[in-house]
Structures are given as C-alpha cells and as structure tokens.
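Q: I would like to go through this structure step by step. Could we begin with the terms and then turn to the strands?

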Amino acid sequence: KAVNSIHAYGGEGFASGSSDGSVCLWDSNFSFVTKIDLAVAPSGYPELQIRSVCWKGEKMLAGTRDSEIFEISIDSKNTPVCITQGHGEGELWALATHSDEKVFATGSDDKTIRIWNAEEKSLIIRCSVPHAVRSLAFSPDGAHLAAGFQSGSFVVLNAGDFSEVVHIKDRKEVLHELKYSPNGLFLAVGSNDNFVDVYSTRSGYKRVGTCRGASSFITHLDWSSDSQYLQINSGASERLYYHMPDGRRIPSSAETERIEWSTWTGVLGDEVAGMWPKYSQVNDVNATMASFQHSTMVTGDDFGLVKLFQFPCPAKGSKFKKYVGHSAHVTNVRFLSHDSHVISVGGADQSIFQWQFLPPDKLQGDTEASTKTTLLMSSAWAASDTDDSNSDASDVQSLDSDLEREEENMYQRKIYKEDIPKIKKEAESEKKSNCKGSTKKLSAPDNSLNLEFVHGYRGYDCRNNLYYLANGDIIYHVAALGIVYNIATHQQRFYSRHSDDILCLTMHPSEDILATGQIGRSPPIHIWNGDSMECLSVLKGEHERGVCAVDFSGDGKKLVSIGLDDNHSIVVWNWRKGEKLATTRGHKDKIFMASWNPLSSDQIVTVGVKHIKFWNQVGGGFTSKRGVFGAKGKACSMLCVVFGKADGHCHTGGLDGLVYHWTGNNLQSTTAAHKGPLYVMRAVEKVCFSDAGNCEDIILLTYETSANPLLILLYILQC
C-alpha cells in the first residue's frame, strides 16, 4: 500500500539508508512500501547521492555527498525541500560578483557552476560543466558568465539559462584568472602558461591580443577604468602593465602611476605592502579586493583568515581585523555590488561565507539598525577589534567519498592551526630584535564584517552528522563551524570555537547538547549547547591528528571519542567535568564509528577496516572481545553500527552490503541489503504507518558502490 504519512511515537526503531538519490520504505518481510526519490524531485538532479539521514516525527532530513541537505515531509514526500547546499568534494576557487545586483557565482572542482542570490540566501541556478572550474567573471551587463577551467580552456555562458555562447581552448594549463573590461568589449584570460590572452566580445570572442613577458603563472589581473590598460601579478612576484587590447608591455613609469584602476584584486604593489606578514611568500595571500568607496580592502589567506585592512595600506605591519570560520585556505574574496556584503570561499572546506559589510555610518545610523547589528555580531562571533586581531605581527610566516580514500586519509598536516600563535610569537620576537626603526603603521579600518550565512554541508567524508534539535532547529557542520539552522526564519547561528575542520558530530539524548571533534595536532572535542551556543566543556590532550568519531552514552553522562593517531585511541570522558575516565588502543587500521549500548553505560562497539570489537569499560581501562562470525557470516570491514534502544541488540553494516545482527559479540544472522557497502545506520523513534495501522521498527542502512558511491536503504524490523 502507499504510505501517505508516518507518525512518531515514543520508543525505539532503526533508520536505514537509500541508494541512487532515493529513500525507500519496506515492510517486515522486506516488501516494498513506498519510495522517496530525491534525484527526480524538483530540486534534485540525476547524480544526487545520500550520505546521512535523520528522521523525527513526520519529517526527515537527508544529507548528500555533494553538500545538500533536503527536508522531506511525509505528507508531501514527492516535493522535498533543499534547505542548504554547496559544492562537493574537491577545491573551491572560482568566485565572481555581479556588477549591479546582489548576485554572485561560484565554481569548483566538482565541475559545477552555481549562481546565488545574496538577498534571499539561496541558489538561483546551477549547471554541470566538463572540467574543474578555477575562475569566473561576469560581463559588466551581467548577461554573460565566463568560466576558466583546469584543462586550459574556458567557456562563456548566458547567465540567465547557462546556454553556451562559446567554448575556447588556446592554452594547455589551468586558467586561474579572467576578467571583462569595464566597457564590456574585451575578456582577459590569464593562464599557468604565463600568458594573458585578450578576446573581443564583439567578434565572437576572437583572440585579438596576448600579453607576454611574465616569468611565472598568472595569479591576478585588473583593468583600468577606461579599459586601456591591464595590470597583472605573477607567481614570481611580478607586477606588470600592458596596453589593451594588443597586449603591448608598458614599463613601470609615471604613465602607469597615473592609471585609475577599475578594480583592485592584486596582491602586489606599494598600495598593499602593509597586508603582508613577515617572511611570507607571494602565494600566502590568495585573494584581495578593495572597496574604493570605503577605503577598505578584504583579503583571504592560506591560514583560513578573512581580514580587513585600510586601503591603500603601504606601511609594513599595518593593523587589521580578522575573521575566522574557514578551516582551510581562503581561496577567494569579493565585495558584492555597492559593497553591501563580502563573499569568501574556502578551498578544501568547499564552503561559501556571506558576510555583512558594516561601515561605521551603518552602525551609527538609526537605533534599531544598530541594535540589530550588535545582536548579529554577538551571535555570529566574528572577531573584530581585539588586540589579537589588530596584531602588530600582522600574521604568521608561511609555514570518499570513496571508501579507500576515507580509509587512508589521516588528515595529517605539517602545520596545524594551533601552531600559529607560537610561530607568530617567534616571528614578532625576531622582528623586534632586528628592528632599527619603524614606519608609522595604519590602524585597523573602522568597517567590520558580520557572518550572515554559510552555504555548504560536509557530506563527502562524514556520516551521521545531521540532526534535529529538540526545538526543531537543524544542526550540522561545515568547515570549522557548527551550524544551527532555523527553516522558518531562514537564519543560521554559528558555533565558532573550533580552529580547524570539524570531522564528527553527535547529539546528547536530551537533544539540545552537541559534541563536535576536529582536526589538530592535539585536537579538541567541544561540548556545546545548541540553543544558547554556549561552550559547556572542551576535552583535549588525548588524541593526535584528529577526532573522527564521538558518541554520548545512553544516560548522557559519558562521551566516547576515537582518534586518528596510529592506534586509533579510544577515550571515555566525563564530559561535564572534562575528565578522562578510561583509554585504550583501538585498532591499527581506521575506526569509522563507535556506539554505546543504550542499556549500559559501560559497553561500546567499534567498527572499522577489518574490525568489529565489543568493549567493556572497567575502571580506567577496557576489556574487549572480537566479533565472532562463526558459520553465520564471513568477516569483513564494518562501516557503521547501531543499537536497538529496547533490547540492546547490535546491528552493523558491512563492506559486503550485508546487515549483521549480533547478540553480545556473537553473530546471529545477516540480511542481504545491497551489493555495495553499508555506510550509515541510525536509530530512530518508533513509527506508525497511518494507512496500515501497525507500528514497526525502522533501520536505516547506507551503502556505497564504486559505480554509485552512496546508497541508503530503509528497511523495517517487526516490533
């Protein structure tokens, strides 16, 4: 029978997964009941693949590998709503803003281009392209959008419907930068071949000039206001000037000093000398953009920081305001039209941050606006006027989705973000010892930024990281932020105290407390309240490289964490006191997940590569038993685990696509679910099919195949 609604009751059940973008329900005999196909939904697409599912009452959340979160109402299951989205796995570099409207475009290694509405905080249109995207530019009238590819080619699209205007390949290496002239007659395209090619828009994008002479790859370029000149930056720290459109080189002279530039996005020159940290390299600052109207420049750097400087800032060591949240290098920053917002994009974290730009007159205008802004800045945590952000040192010196990649990725880094204060202090000490005199430094600008919205969700290498809070808000993470999202108001709140990528998330039985673990040399685990955003506890000192899994005990008093060190250490904490209760070595191969038996505060099961083990905490240590397969099944890697809340029985999902049912550490039976690995299983409430009249337990099983990286299948166990 068709199921029109599902109602939640108290008690227990299981949620299990879906496949090619669909979530399926089955009865206790594994007969098909209904299917929710996200791939063919209005906001779906054929390649959509599910990564995480959370079910509460009559609503369900589905997180995808490519950074979308869908909410599905059982009453209208064929029209799921995409509540947030971002780019998928790979790096995100390309960013362009419309010259007149509050619209911007992004493109990434996931081979998609997306246009966003900043006012609505929503996606307008997206398309797939044949290559990874590394640069974007709107034409001055906004009609065309040019995209530079990693392959060395570029495409020009109609911005309204993404229909192709022209596709050109004149270079073999990546195109990191392209820009239209202010008069709209030319497009300049910079490549890693050390050339800038100039194309005439009136002649069907025919090449009419080439800028030569750079000794390294092209990093940035800007047009003059009269479209007669072009300045470029190269990877060899060169700032070069050219006459347009023929590409004739102009030596630096009084002529170039009189040029009025239409934009400033370069990183070289006296105008921006003050933004550079001591001992830095030319590629440490990835992007800049100046607001001529507000005499302010925004920068994005390799240390995950967005900064505001005065512009120009010629004095070395100029002070600044810094803003955190990105967990990796900030690859691009741009002001929106009329300088209302700043958009920043993160390379490895694939996230898009939308910042409200706050000039002093906006804060000093009317009382209501000032109060609202103060509240926004308080909830968004953005650092601005602290002594640390106005640093004299200015900064520091430079310093699987696929299962196989997920097994091997230990998130090890030469420099972790917690190393930065020490390096910074050493640089400052050396600077003072060598200082014979000083130039007056500029103060930080009076303008500020407030984080308003973040597009993205970390789904490509994480699981079970999507929850409903008790109040109905949705909790998830991306980059170094925990995000609490209210669908009704379309507003986000941010937990910002992490310093690097968040890798795991779990929710307390009270449904209002969260635990998140991150990457780091000595990675912390933060326990925080999802309503107040208050940090309740920080657990640190027992793991290395990162924390890949966390779980609260059934009574909520303990937390178990799994580290990314060589032994994948297991630690049990009294999280309220911040005390370690017990620790042991886990397994030499990667552990994917740990789960408490909800009926016991001492029993834990861990699963991973060639691993399933049943642990019992005894004092400050553990006893353990391996899973005994016997004749009931064949040993394999286990990817996920879940307990029944009523009977304490354990269910695991295997690499072979089977569900393994355990009593104690002995395998009782298996269920053939799919042909690929089972990635996610989640316990959910007992549900009732209104048209069938019987309540059943649900198990959500998620699996991945090489052809179809993620499949979630929903099946039901008779109560």
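A: Two strands pair if DSSP finds at least two bridges between them. Strands (E, at least two residues) are DSSP runs, numbered from the N terminus. This is a predicted model, in which local features need pLDDT of at least 70 and side-chain atom pairs count only at pLDDT 80 or more, while totals for chains, interfaces and linings use all residues. Residues are numbered from 1 along each chain as its sequence is written, and side-chain values use heavy atoms, with hydrogens and water left out.

Q: Which residue in β23 stands opposite Ile-232?

A: Leu-240 stands opposite Ile-232. The strands β22 and β23 (residues 239-243) are antiparallel and pair over 5 bridges.

Q: What is the bridge partner of Leu-221 in β22?

A: That partner is Ile-232 too. Strand β21 (residues 218-223) runs antiparallel to β22, and 5 bridges join them.

Q: How many residues lie between the strands in the hairpin of β21 and β22?

A: There are 5, and Ser-227 in this hairpin has a positive phi near 65 degrees. The hairpin of β22 and β23 has 4 residues between its strands, and there Ser-237 takes a positive phi near 65 degrees.

Q: Is β22 mostly covered or uncovered?

A: Strand β22 (residues 229-234) is mostly covered, as 6 of its 6 residues are buried. Buried means under 20% relative accessible area, exposed over 50%, and partly exposed in between (1.4 Å probe, protein chains only). Tyr-229, Gln-231 and Asn-233 point one way from the strand, while Leu-230, Ile-232 and Ser-234 point the other way.

Q: New topic: what is the strand order in the open sheet of 4 strands?

A: The order is β9-β10-β11-β12, with antiparallel pairing. Its edge strands, β9 (92-97) and β12 (122-128), each pair on one side only. Between β9 and β10 (residues 103-108) there are 5 bridges, and Ala-94 has Gly-107 in β10 as its bridge partner.

Q: Now Ser-163: where is it found?

A: Ser-163 lies in the loop between β15 (153-158) and β16 (164-169). Ser-163 counts as partly exposed because its relative accessibility is 28%.

Q: Which side chains does Ser-163 join in a polar contact of 2.8 Å?

A: One is that of Asn-158, at 2.8 Å, and another is that of Asp-161, also at 2.8 Å. A polar contact is a pair of N or O atoms within 3.5 Å; within protein, one must be able to donate a hydrogen and the other to accept it, and residues adjacent in sequence count only if both atoms are side-chain atoms.
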